[in-house]
Amino acid sequence: MKYYNIVTFGCQMNVNDSERVATVLESLGFLKTNDLSKADIVIVNICSVRQQAFDRVYGIVQKVKKLKKIKDIQVGVTGCILDSDKKILEKKVDFLFNINDLKKLPKLISNKNEIDIGDYFSIKPRFFNDYVAYIPIMTGCNNFCSYCVVPYTRGRERSRDAEEIIQEAKLAIQKGFKEIWLIGQNVNSYKNEKYSFADLLREIDNIPGDYWLNFSSSHPKDFTLDIISVMKNGKHITPLLHLPVQSGSDKVLRDMNRPYTIDKYIDIVKKAKQEIKDLCISTDIIVGFCGESKEDYLQTKEFIKDMKFDIIYLAQYSSRKGTYASENLKDDVSFFEKKRRWHDLNKTLKEINLENNKKYLNQEYRVIVFEKKGNNCLGKTSFGKIIKFKSDKVCVGCFCNILVNKTLSLILEGEFVSW
Ligand code: SAM
Ligand code: SF4
Ligand code: F3S
């Protein structure tokens, strides 16, 4: 028996790409192992969004190098990699491939023929669990935010065939997957002769079954109001909108090449909250971007307090080679100050959540269980809140109803009520 191990860094797009890599490896007879030392082949799927994320790759490559002294093991890399990093990595690994060329993987590994498919999206993913299905609807990005590597690593936007997406969703729902995620760097710019993103969302929501439908990420510049009405009228769409804002300062947004203002962002959120009951908003924020003054930072902090965000994915700015910011703007917020702003915003978010979460006390919610250790369980509500509870009845991947009996800043606590 030959074994494969895939190490995935980065976002849901990379997770789904890894699931397609797994399909190809299994078609070649490899079996999955989570134990690196047992593997005959290791694939590292790379994220370059921040330097720290990229540097973690070297740790894995080093481990495989040590194993090479005692066994025959191959290491290959793919994912979001800048051309300049490809040159360095190529010398350290056995092979490197572009995910769009996944059909060539059999040739790279064992000189077998390429797989006979057009697009790599036509390879059915071997989902890593049996309740969450990530379904990419587009890849790449045309936005060139001045800090971001994605347009350089994933290339220009490319929308996937709508029928193929709908089929993949139908199949996952029929198999009993409970969380369906439509994913892409900018789902709102999905383009197809027949479907806009709102049409596609509505079409998938019409598939019968017991599941939740989510999507991510939306760009405020491309967000259209018809999405709000599809969300409002949906049978499966969750009341969770991930709308990355990045900064609370219009000046910083301009420098980031994010073509919207804070007023426009507030307007979208207001309209969405008016229409969609119990809507939760999650966002991405970068602190310490080039030229972010103390006043700009404080504007972001005030903005967060006003918006009462439920979830924030908070990052410290990391200069990325080849991007506009790295070539043309000064990375002038010190390492120490980035860290300070990051901790300060985290503290603010905790305070907001502590207050926000009080409204959930003594309410009953349907959750999907995503972790169970003994009878200690973690479930997630349709709007993304995590509830801790005890039960020996439930299993990972099932829905159940929980009554919230305690609210904290990051988590809720509750008790099992019923299925
Ligand atoms: N397309 C999405 C959007 O427009 O918001 C985001 C995709 S990006 C891969 C994920 C997040 O990584 C961004 O929203 C941003 O907050 C963060 N990010 C991207 N480049 C970064 C950088 N150079 N330093 C720190 N964080 C960064
Ligand atoms: Fe990166 Fe901006 Fe594209 Fe998002 S929209 S992937 S942040 S360039
Ligand atoms: Fe990283 Fe690529 Fe996603 S750079 S965040 S894995 S699109």
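**Close-up 1. The shell around ligand 1 holds 17 residues.** The closest are Gln185, Gln246, Arg258, Asp284 and Ser318. A residue is near a molecule if one of its heavy atoms lies within 4 Å of it. This is a predicted model, where local features need pLDDT of at least 70, side-chain atom pairs count only at pLDDT 80 or more, and totals for chains, interfaces and linings use all residues. Residues are numbered from 1 along each chain as its sequence is written, chains are lettered from A and ligands numbered from 1 in the order in which they are written, and side-chain values use heavy atoms, with hydrogens and water left out. By class, the shell of ligand 1 has 7 nonpolar, 6 polar and 4 charged residues. Here Ala, Val, Leu, Ile, Met, Phe, Trp, Tyr, Cys and Pro count as nonpolar, Asp, Glu, Lys and Arg as charged, and the others, Gly among them, as polar.

**Close-up 2. Polar atoms of the protein meet ligand 1 at Gln185, Gln246 and Arg258.** A polar contact here is a pair of N or O atoms within 3.5 Å. A nitrogen atom of ligand 1 lies 2.7 Å from a polar backbone atom of Gln185. An oxygen atom of ligand 1 is 2.7 Å from a side-chain N or O atom of Gln246. For Arg258, an oxygen atom of ligand 1 is 2.9 Å from a side-chain N or O atom. Taken alone, ligand 1 exposes 560 Å², and the protein buries 88% of that. Such areas come from the Shrake-Rupley method with a 1.4 Å probe. Strand S12 (280-287) and strand S13 (311-316) are the elements that give two or more residues to the shell. Strands (E, at least two residues) and helices (H or I, at least four) are DSSP runs, numbered from the N terminus.

Close-up 3. Phe144 sits in the loop between strand S7 (138-139) and helix H5 (150-153). Its phi is near 45°, a positive value in a residue other than glycine. Most residues other than glycine have a negative phi.

**Close-up 4. Gln185 is also one of the residues around ligand 3.** Others include Cys11, Cys47, Cys80 and Arg154. By class, this shell has 4 nonpolar, 4 polar and 1 charged residues.

**Close-up 5. Helix H7 (197-205) packs on helix H8 (225-233).** Their axes are 9 Å apart, at an angle of about 10°. That makes H7 roughly parallel to H8, a term for angles under 35 degrees. Axes are lines fitted to C-alpha atoms, over the stretch in contact, and angles run from 0 to 180 degrees between N-to-C directions. Phe197, Ala198, Leu201 and Arg202 in H7 meet Asp226, Ile227 and Val230 in H8. Contact means heavy atoms within 4.5 Å. The contact has 5 nonpolar, no polar and 2 charged residues.

**Close-up 6. The peptide bond from Ser216 to Ser217 is cis.** Omega is near 0°. Ser217 lies in the loop between strand S10 (212-216) and H8.

Note on methods: Parallel < 35°, antiparallel > 145°, perpendicular 65-115°, else oblique. Polar contact = N/O pair within 3.5 Å; in protein donor to acceptor, adjacent residues only side chain to side chain.
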